[in-house]
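Student: I have a structure to go through. Can we take it piece by piece?
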Amino acid sequence: MAGRGSARFHIETLGCPKNAVDSDKVVASLLADGLQAADSAADADLVVVNTCAFVEAARQESIDTVLALAGDRKPGAKVVVTGCMAERYGAELAAALPEADAIIGFAGEGAIGTRVGLADPKRKPTASAAERRGGVTDLLDLGRPPAAAPWAYVKVAEGCDRACAFCAIPSFRGKQRSRTPESIEQEVRALVEGGVAEVVLVAQDLAWYGRDAGEPGSLAPLLRRLDPLAAHGLQRVRLLYLYPSEVRDPLVATMLELDTVVPYFDLSLQHADPALLRAMKRWGSGDRFLSTIASIRAAEPDAAFRSSFIVGFPGETEAAHDALLTFLADAGLDWAGFFAYSPEEGTAAVSLPQRPPTDLVGEWLRECDEVQDPITRAARDVLIGTEVDVLVDEHDAAGGAVVGRTHREAPEIDGVVRVEAAAGGALHARPGAVVRVHVTDAVGPDLVAKPVERSANPAAAS
Ligand code: SF4
């Protein structure tokens, strides 16, 4: 094993974008504790698995990952399980997973190096300040290393104040705790100065940001606060997870007004049938959602919409399912995901009767895809022949093309745009640059494009 001061770590991240932010912060804390990044898991003295506990399939994937990495570790290396599973099932995991050297919940995530005895003793532990406050709070205010891509997630709050009947997140993430606008601005500024051009703001319930601090409606002012960072290179701010009741003015007007904020609406709708939404303890109805979408489209025809839906919630009937299919056809969302309901311990829905049979849920899921897939395809096809702005994420391996995204594609979630050089030409756009392109084709969720001869953005040239 390497000496204590030069122990090397590998971190494996499962789950959602919010977990990716936590992993970044764990990396920062390990670096500050004197550890170094390993080239691979098999090369590391410390393997951290940041788990996801969202639904059964995610938990199984987390456990499989721990077992695989523990099996491949080099002699003497330590395996630490952290993240949502560690928080939610700490004691059970410790008993069931002897392969793991430590199970560390949220309060210890910023001090993993110290907890497993691998921190360089000459370094001041990074978590000490947070521990003095009575425990690290979900890493929210810890620093992070420079981003490896020209985009980065920024978590503005942790926890959730709602009580959706299917969701266990509030039971282990707790009530919402918003960061201060100052600390968010500071993090975004540092990311932008490090080359990030797009920040993706995330939280369990993003539009609720600030309410726990006695300042409801704080998201719009936060967007205004970040907007001047355009002068430093911030091109785009994207918002994920907007609870539909909060998608109204002044938030929508602010999103549409500010050049930095992309007109991308990730609405967490979950269903369209009003009775089923009430059973889920959620707000809204298909009609209300349609009217929100229509009013945004009237103000911004280029607005893009994504949502996700739960299929097979207890009490869902054929009629409710048909209402969802009708809603999908009427809404014309650019992107939609469908998930089978998963009963979760500690939620109101876990003991509800009338769960639709698994076969039927499978059939309903297929029907949702059958309605949505052509809509998504049409939304891509209609872009062929148009000009769009692409933020370059990376060069492809062969070097003849760059891969990027318009405002319609969230990183790692939706499709991408592959921009190919004209025959015999080369592409010099650097990651983070915005290039004007002409869309020539749509392949599945992805677009293919050629650069428009005269770039709309002089910064596009490397
Ligand atoms: S808004 Fe509902 S689904 Fe989302 S995290 Fe909160 S309780 Fe869970």
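**Backbone, core, helices and ligand**

Student: Where does E412 lie, and is E412 buried or exposed?
Tutor: This is a predicted model. E412 sits in the loop between strand 15 (401-405) and strand 16 (417-420). Over 50% relative accessible area counts as exposed. E412 has 66% relative accessibility, so E412 is exposed.

Student: What is the phi of E412?
Tutor: Most residues other than glycine have a negative phi. E412 is not a glycine, yet its phi is positive. The value is near 65°.

Student: Which residues does the cis peptide bond with omega of about 5° join?
Tutor: Most peptide bonds are trans. The bond joins D249 and P250.

Student: Is A111 buried or exposed?
Tutor: A111 lies in the loop between strand 5 (102-104) and helix 5 (112-115). The cut-off for buried is under 20% relative accessible area. A111 has 4%, so A111 is buried.

Student: How far apart in space are A111 and K25?
Tutor: In sequence, they are 86 residues apart. In space, C-alpha to C-alpha, the distance is 11 Å.

Student: Which residues touch the most other members of the largest nonpolar core?
Tutor: This core has 89 residues. Its largest share, five residues, comes from helix 13. L242 touches, among others, L206, V247, L251 and F265. The residues with the most core contacts are L201, L242 and F265.

Student: Are helix 12 and helix 13 roughly parallel or roughly antiparallel?
Tutor: Helix 12 (residues 286-299) packs on helix 13 (residues 318-331) at about 5°, with the axes 10 Å apart. Angles under 35 degrees count as roughly parallel. Therefore helix 12 and helix 13 are roughly parallel.

Student: Which residues of helix 13 make the contact with helix 12?
Tutor: By class, the contact has five nonpolar, one polar and two charged residues. Helix 12 brings G286, F289, L290, I293 and R297. Helix 13 brings F327, D330 and A331.

Student: How many nonpolar residues are in the shell around the ligand?
Tutor: The residues around the ligand are C160, R162, C164, F166, C167, P170, Q204 and R282. One is polar and two are charged. The nonpolar residues number five.

Definitions and conventions. Residues are numbered from 1 along each chain as its sequence is written. This is a predicted model: local features need pLDDT of at least 70, side-chain atom pairs count only at pLDDT 80 or more; totals for chains, interfaces and linings use all residues. Side-chain values use heavy atoms; hydrogens and water are left out. Axes are lines fitted to C-alpha atoms, for helices over the stretch in contact, and angles run from 0 to 180 degrees between N-to-C directions. Helices (H or I, at least four residues) and strands (E, at least two) are DSSP runs, numbered from the N terminus. Angles under 35 degrees count as roughly parallel, over 145 as roughly antiparallel, 65 to 115 as roughly perpendicular and the rest as oblique. Contact means heavy atoms within 4.5 Å. Ala, Val, Leu, Ile, Met, Phe, Trp, Tyr, Cys and Pro count as nonpolar, Asp, Glu, Lys and Arg as charged, and the others, Gly among them, as polar. A residue is near a molecule or strand if one of its heavy atoms lies within 4 Å of it. A nonpolar core is a set of buried Ala, Val, Leu, Ile, Met, Phe, Trp, Tyr and Cys residues joined through side-chain atoms within 4.5 Å. Buried means under 20% relative accessible area, exposed over 50%, partly exposed in between (1.4 Å probe, protein chains only). Lists of a residue's contacts leave out its neighbours within four places in sequence.
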